Amino acid sequence: MSLISKLKCITFDVTGTLIAYKGELGDYYCMAAKAAGKPCPDYKRMHEGFKTAYTDMAKKYPCFGFAAKIPNIEWWRTCVKDSFIRAGYEYDDETFENIFKRIYASFGSSAPYSVFPDAQPFMRWLRQKGVTVGIVSNAEYRYKDVILPALGLNKGSEWDFGVFSGVVGIEKPDKKIYEIALEMAGNVTPEETLHIGDSFRKDYLPARAVGMHAALLDRFKTLEAQKWSEEGAPVFPDLVSVQEWLTKEETIKVAGSNVN
(Lines give C-alpha, C1' and ligand atoms only; values in the text may rest on other atoms or scores of the structure.)
Protein backbone atom coordinates (compact mmCIF):
# COMPACT_ATOMS: atom_id res chain seq x y z
CA MET A 1 0.00 0.00 0.00
CA SER A 2 1.32 3.47 -0.89
CA LEU A 3 1.62 6.19 1.70
CA ILE A 4 -0.62 8.58 -0.27
CA SER A 5 -3.52 6.13 0.17
CA LYS A 6 -3.20 6.45 3.96
CA LEU A 7 -3.20 10.25 4.08
CA LYS A 8 -6.15 12.62 4.32
CA CYS A 9 -4.18 15.85 4.71
CA ILE A 10 -0.80 17.26 3.71
CA THR A 11 0.42 20.61 5.03
CA PHE A 12 3.24 22.78 3.74
CA ASP A 13 5.67 25.36 5.01
CA VAL A 14 5.89 28.29 2.57
CA THR A 15 9.28 30.00 2.16
CA GLY A 16 11.96 27.55 1.11
CA THR A 17 9.32 24.90 0.44
CA LEU A 18 6.82 26.40 -2.00
CA ILE A 19 8.39 29.78 -2.77
CA ALA A 20 11.78 31.50 -2.55
CA TYR A 21 13.08 35.05 -2.38
CA LYS A 22 14.40 36.61 -5.57
CA GLY A 23 17.81 38.17 -5.00
CA GLU A 24 18.87 39.56 -1.64
CA LEU A 25 17.06 41.69 0.91
CA GLY A 26 19.62 44.42 0.31
CA ASP A 27 18.44 44.77 -3.28
CA TYR A 28 15.02 45.99 -2.20
CA TYR A 29 16.24 48.19 0.63
CA CYS A 30 18.82 49.74 -1.68
CA MET A 31 16.28 50.41 -4.44
CA ALA A 32 13.92 52.02 -1.96
CA ALA A 33 16.67 54.31 -0.61
CA LYS A 34 17.80 55.30 -4.12
CA ALA A 35 14.21 56.05 -5.13
CA ALA A 36 14.07 58.45 -2.16
CA GLY A 37 17.23 60.17 -3.40
CA LYS A 38 19.64 58.57 -0.94
CA PRO A 39 22.83 56.54 -1.56
CA CYS A 40 22.53 52.79 -1.87
CA PRO A 41 23.09 51.18 1.55
CA ASP A 42 25.89 48.70 2.02
CA TYR A 43 24.32 45.28 1.32
CA LYS A 44 26.19 43.32 3.97
CA ARG A 45 25.57 45.88 6.72
CA MET A 46 21.93 46.13 5.66
CA HIS A 47 21.48 42.37 5.74
CA GLU A 48 23.05 42.06 9.19
CA GLY A 49 21.11 45.07 10.45
CA PHE A 50 17.84 43.53 9.31
CA LYS A 51 18.62 40.13 10.82
CA THR A 52 19.29 41.67 14.22
CA ALA A 53 16.33 44.04 14.09
CA TYR A 54 13.93 41.30 12.96
CA THR A 55 15.15 38.88 15.64
CA ASP A 56 14.68 41.52 18.34
CA MET A 57 11.20 42.48 17.13
CA ALA A 58 10.11 38.85 16.82
CA LYS A 59 11.27 38.19 20.37
CA LYS A 60 9.71 41.32 21.85
CA TYR A 61 6.50 41.26 19.81
CA PRO A 62 6.09 37.73 18.38
CA CYS A 63 3.74 36.81 15.56
CA PHE A 64 4.09 40.30 14.07
CA GLY A 65 2.70 41.96 17.18
CA PHE A 66 -0.37 39.72 17.53
CA ALA A 67 -0.59 39.64 21.35
CA ALA A 68 0.35 43.31 21.70
CA LYS A 69 -2.29 44.21 19.09
CA ILE A 70 0.28 46.13 17.04
CA PRO A 71 -0.95 46.74 13.49
CA ASN A 72 1.08 44.79 10.93
CA ILE A 73 2.30 47.93 9.17
CA GLU A 74 3.49 49.46 12.47
CA TRP A 75 5.37 46.28 13.40
CA TRP A 76 7.20 46.40 10.09
CA ARG A 77 7.77 50.17 10.26
CA THR A 78 9.62 49.74 13.56
CA CYS A 79 11.56 46.74 12.26
CA VAL A 80 12.64 48.46 9.03
CA LYS A 81 13.65 51.67 10.80
CA ASP A 82 15.72 49.71 13.31
CA SER A 83 17.29 47.75 10.43
CA PHE A 84 18.56 50.92 8.80
CA ILE A 85 19.79 52.37 12.10
CA ARG A 86 21.69 49.19 12.95
CA ALA A 87 23.23 49.28 9.47
CA GLY A 88 24.38 52.86 10.08
CA TYR A 89 21.70 54.76 8.15
CA GLU A 90 19.35 57.19 9.81
CA TYR A 91 16.94 59.38 7.86
CA ASP A 92 14.59 62.23 8.68
CA ASP A 93 10.96 61.21 9.18
CA GLU A 94 9.76 62.21 5.71
CA THR A 95 12.61 60.44 3.90
CA PHE A 96 12.25 57.31 5.99
CA GLU A 97 8.51 57.18 5.37
CA ASN A 98 9.09 57.32 1.60
CA ILE A 99 11.64 54.52 1.87
CA PHE A 100 9.49 52.42 4.17
CA LYS A 101 6.37 52.66 2.01
CA ARG A 102 8.28 51.30 -0.97
CA ILE A 103 9.74 48.43 1.03
CA TYR A 104 6.41 47.53 2.66
CA ALA A 105 4.64 47.59 -0.69
CA SER A 106 7.34 45.47 -2.36
CA PHE A 107 7.24 42.72 0.26
CA GLY A 108 3.45 42.77 0.24
CA SER A 109 3.42 41.92 -3.47
CA SER A 110 4.66 39.03 -5.59
CA ALA A 111 7.73 41.01 -6.74
CA PRO A 112 10.38 39.63 -4.32
CA TYR A 113 9.27 36.01 -4.62
CA SER A 114 9.30 33.15 -7.09
CA VAL A 115 7.35 29.90 -6.97
CA PHE A 116 9.20 26.62 -7.28
CA PRO A 117 7.97 25.04 -10.54
CA ASP A 118 6.91 21.81 -8.83
CA ALA A 119 4.75 23.52 -6.16
CA GLN A 120 1.51 24.21 -8.03
CA PRO A 121 1.38 20.88 -9.93
CA PHE A 122 2.06 18.89 -6.77
CA MET A 123 -0.56 20.71 -4.71
CA ARG A 124 -3.17 20.32 -7.45
CA TRP A 125 -2.32 16.64 -7.79
CA LEU A 126 -2.93 16.15 -4.08
CA ARG A 127 -6.31 17.85 -4.20
CA GLN A 128 -7.30 15.75 -7.23
CA LYS A 129 -6.43 12.71 -5.12
CA GLY A 130 -8.89 13.94 -2.50
CA VAL A 131 -6.19 15.02 -0.06
CA THR A 132 -6.86 18.18 1.94
CA VAL A 133 -4.00 20.64 1.45
CA GLY A 134 -2.99 23.15 4.13
CA ILE A 135 -0.41 25.86 4.75
CA VAL A 136 1.40 26.17 8.09
CA SER A 137 3.65 29.23 8.05
CA ASN A 138 5.35 31.76 10.29
CA ALA A 139 4.01 34.54 8.10
CA GLU A 140 1.77 37.56 8.32
CA TYR A 141 -1.70 37.93 6.84
CA ARG A 142 -0.47 39.32 3.51
CA TYR A 143 0.89 35.90 2.56
CA LYS A 144 -2.63 34.53 2.87
CA ASP A 145 -4.53 37.42 1.31
CA VAL A 146 -2.13 38.84 -1.27
CA ILE A 147 1.24 37.18 -1.83
CA LEU A 148 0.29 33.52 -2.37
CA PRO A 149 -2.68 34.36 -4.64
CA ALA A 150 -0.48 36.78 -6.63
CA LEU A 151 1.98 33.94 -7.15
CA GLY A 152 -0.72 31.61 -8.45
CA LEU A 153 -1.09 29.60 -5.25
CA ASN A 154 -4.76 30.12 -4.53
CA LYS A 155 -7.09 28.89 -1.85
CA GLY A 156 -9.54 26.57 -3.55
CA SER A 157 -7.27 25.42 -6.36
CA GLU A 158 -3.90 24.79 -4.68
CA TRP A 159 -4.73 24.77 -0.96
CA ASP A 160 -7.79 24.41 1.27
CA PHE A 161 -6.82 26.17 4.49
CA GLY A 162 -3.96 28.16 5.96
CA VAL A 163 -2.54 28.63 9.45
CA PHE A 164 -0.44 31.81 9.51
CA SER A 165 1.34 32.89 12.68
CA GLY A 166 0.41 36.55 12.25
CA VAL A 167 -3.26 35.55 12.09
CA VAL A 168 -3.49 32.89 14.82
CA GLY A 169 -0.87 34.29 17.21
CA ILE A 170 1.16 31.07 17.46
CA GLU A 171 4.31 30.32 15.53
CA LYS A 172 6.54 27.37 14.73
CA PRO A 173 8.19 25.53 16.44
CA ASP A 174 5.26 25.65 18.89
CA LYS A 175 3.44 22.40 18.21
CA LYS A 176 0.10 24.12 18.88
CA ILE A 177 0.19 25.59 15.38
CA TYR A 178 0.12 22.02 14.01
CA GLU A 179 -2.76 21.11 16.32
CA ILE A 180 -4.66 24.08 14.90
CA ALA A 181 -3.92 22.78 11.40
CA LEU A 182 -5.40 19.39 12.27
CA GLU A 183 -8.56 21.08 13.52
CA MET A 184 -8.84 23.27 10.44
CA ALA A 185 -8.41 20.22 8.22
CA GLY A 186 -11.59 18.81 9.73
CA ASN A 187 -10.15 17.19 12.84
CA VAL A 188 -8.14 14.65 10.88
CA THR A 189 -5.88 12.47 12.98
CA PRO A 190 -2.12 13.14 13.09
CA GLU A 191 -1.51 9.66 11.64
CA GLU A 192 -3.48 10.71 8.54
CA THR A 193 -1.43 13.87 8.04
CA LEU A 194 1.96 14.69 6.54
CA HIS A 195 3.79 17.99 6.96
CA ILE A 196 6.43 19.08 4.44
CA GLY A 197 8.90 21.85 5.27
CA ASP A 198 12.55 22.86 5.14
CA SER A 199 13.44 23.25 8.83
CA PHE A 200 14.28 20.35 11.14
CA ARG A 201 13.54 22.50 14.21
CA LYS A 202 10.43 24.32 13.02
CA ASP A 203 8.84 21.79 10.70
CA TYR A 204 9.99 18.23 11.33
CA LEU A 205 10.31 18.07 15.13
CA PRO A 206 7.04 19.80 16.14
CA ALA A 207 5.01 17.98 13.48
CA ARG A 208 6.37 14.66 14.72
CA ALA A 209 5.71 15.77 18.32
CA VAL A 210 1.97 15.86 17.64
CA GLY A 211 2.10 12.51 15.85
CA MET A 212 2.08 13.72 12.25
CA HIS A 213 4.25 12.25 9.54
CA ALA A 214 6.88 14.74 8.36
CA ALA A 215 9.36 15.18 5.52
CA LEU A 216 11.92 17.85 4.68
CA LEU A 217 12.99 19.49 1.44
CA ASP A 218 16.63 20.33 0.85
CA ARG A 219 16.25 22.52 -2.24
CA PHE A 220 19.53 24.37 -1.75
CA LYS A 221 21.81 21.46 -0.76
CA THR A 222 22.43 22.67 2.77
CA LEU A 223 25.10 21.19 5.02
CA GLU A 224 22.50 20.37 7.67
CA ALA A 225 20.53 18.04 5.39
CA GLN A 226 22.78 15.06 6.00
CA LYS A 227 22.29 15.45 9.74
CA TRP A 228 18.50 15.63 9.25
CA SER A 229 18.64 12.32 7.43
CA GLU A 230 20.81 10.78 10.14
CA GLU A 231 18.24 11.93 12.71
CA GLY A 232 15.57 9.94 10.87
CA ALA A 233 13.92 12.58 8.72
CA PRO A 234 12.98 11.70 5.14
CA VAL A 235 14.84 14.33 3.06
CA PHE A 236 14.11 15.13 -0.59
CA PRO A 237 15.53 17.56 -3.15
CA ASP A 238 12.11 18.58 -4.51
CA LEU A 239 8.40 17.81 -4.55
CA VAL A 240 8.73 15.57 -7.60
CA SER A 241 10.77 13.22 -5.43
CA VAL A 242 8.19 13.49 -2.65
CA GLN A 243 5.44 12.49 -5.10
CA GLU A 244 7.43 9.43 -6.14
CA TRP A 245 7.94 8.52 -2.47
CA LEU A 246 4.24 8.90 -1.71
CA THR A 247 3.12 6.67 -4.56
CA LYS A 248 5.56 3.80 -4.11
CA GLU A 249 3.57 0.70 -3.27
CA GLU A 250 6.28 -0.61 -0.94
CA THR A 251 6.32 2.62 1.10
CA ILE A 252 5.38 1.62 4.62
CA LYS A 253 7.80 3.24 7.04
CA VAL A 254 7.66 7.03 7.28
CA ALA A 255 9.44 8.83 10.09
CA GLY A 256 12.42 6.48 10.14
CA SER A 257 13.13 6.55 6.42
CA ASN A 258 16.51 7.84 5.32
CA VAL A 259 15.89 9.32 1.89
CA ASN A 260 18.31 11.67 0.20
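This is a predicted model: local features need pLDDT of at least 70, side-chain atom pairs count only at pLDDT 80 or more; totals for chains, interfaces and linings use all residues.
1. At 60% relative accessibility, asparagine 187 counts as exposed. Asparagine 187 sits in the loop between H9 and S6. Its phi is near 60°, a positive value in a residue other than glycine. Most residues other than glycine have a negative phi.

2. A second residue with a positive phi is phenylalanine 64, where the angle is near 55°. Phenylalanine 64 belongs to helix H3, residues 62-65. Is phenylalanine 64 buried or exposed? Its relative accessible area is 9%, so phenylalanine 64 counts as buried.

3. One peptide bond also deserves attention. The bond leading from lysine 172 to proline 173 is cis, and its omega is near 15°. Proline 173 is placed in the loop between helix H8 (165-168) and helix H9 (176-184). Most peptide bonds are trans.

4. S1 pairs with strand S4 (residues 132-137) in the parallel sense, over four bridges. Within this pairing, phenylalanine 12 stands opposite isoleucine 135 of S4. S1 also runs parallel to S6, to which four bridges join it. There, isoleucine 10 faces leucine 194 of S6.

5. Strand S6 (residues 193-197) in turn pairs with S7 in the parallel sense, again through four bridges. Histidine 195 has alanine 214 in S7 as its bridge partner. How many of the five residues of strand S7 (residues 213-217) are buried? Five of the five are buried, so S7 is largely enclosed by the rest of the structure. Both faces are covered, with His213, Ala215 and Leu217 buried on one side and Ala214 and Leu216 buried on the other.

6. Turning to the helices, two packed helices are described by the angle between their axes and the distance between the axes. Helix H2 (residues 43-60) packs against helix H4 (residues 72-86) at an angle of about 140°, with the axes 7 Å apart. That angle makes H2 oblique to H4, and the crossing is right-handed. Residues of H2 in the contact include Met46, Phe50, Tyr54 and Met57, while those of H4 include Trp75, Trp76, Cys79 and Phe84. By class, the contact of H2 with H4 has ten nonpolar, four polar and three charged residues.

7. Helix H1 (residues 25-35) and helix H5 (residues 93-106) cross at roughly 140°, and their axes come within 8 Å. H1 is therefore oblique to H5, and it passes H5 in a right-handed crossing. On the H1 side, Tyr28, Tyr29, Ala32, Ala33 and Ala35 take part, and they meet Ile99, Arg102 and Ile103 in H5. The contact of H1 with H5 divides into seven nonpolar residues, no polar residue and one charged residue.

8. How are helix H6 (residues 119-128) and helix H12 (residues 239-247) arranged, and at what angle do their axes cross? The axes come within 9 Å and cross at roughly 25°. That makes H6 roughly parallel to H12. Ala119, Phe122 and Trp125 in H6 meet Leu239, Val242, Gln243, Leu246 and Thr247 in H12. The contact of H6 with H12 holds six nonpolar and two polar residues, and no charged residue.

Conventions: Residues are numbered from 1 along each chain as its sequence is written. Side-chain values use heavy atoms; hydrogens and water are left out. Axes are lines fitted to C-alpha atoms, for helices over the stretch in contact, and angles run from 0 to 180 degrees between N-to-C directions. Helices (H or I, at least four residues) and strands (E, at least two) are DSSP runs, numbered from the N terminus. Angles under 35 degrees count as roughly parallel, over 145 as roughly antiparallel, 65 to 115 as roughly perpendicular and the rest as oblique. A crossing is left-handed if the near helix is turned anticlockwise from the far one by less than a right angle, and right-handed if clockwise. Contact means heavy atoms within 4.5 Å. Ala, Val, Leu, Ile, Met, Phe, Trp, Tyr, Cys and Pro count as nonpolar, Asp, Glu, Lys and Arg as charged, and the others, Gly among them, as polar. Buried means under 20% relative accessible area, exposed over 50%, partly exposed in between (1.4 Å probe, protein chains only). Two strands pair if DSSP finds at least two bridges between them.
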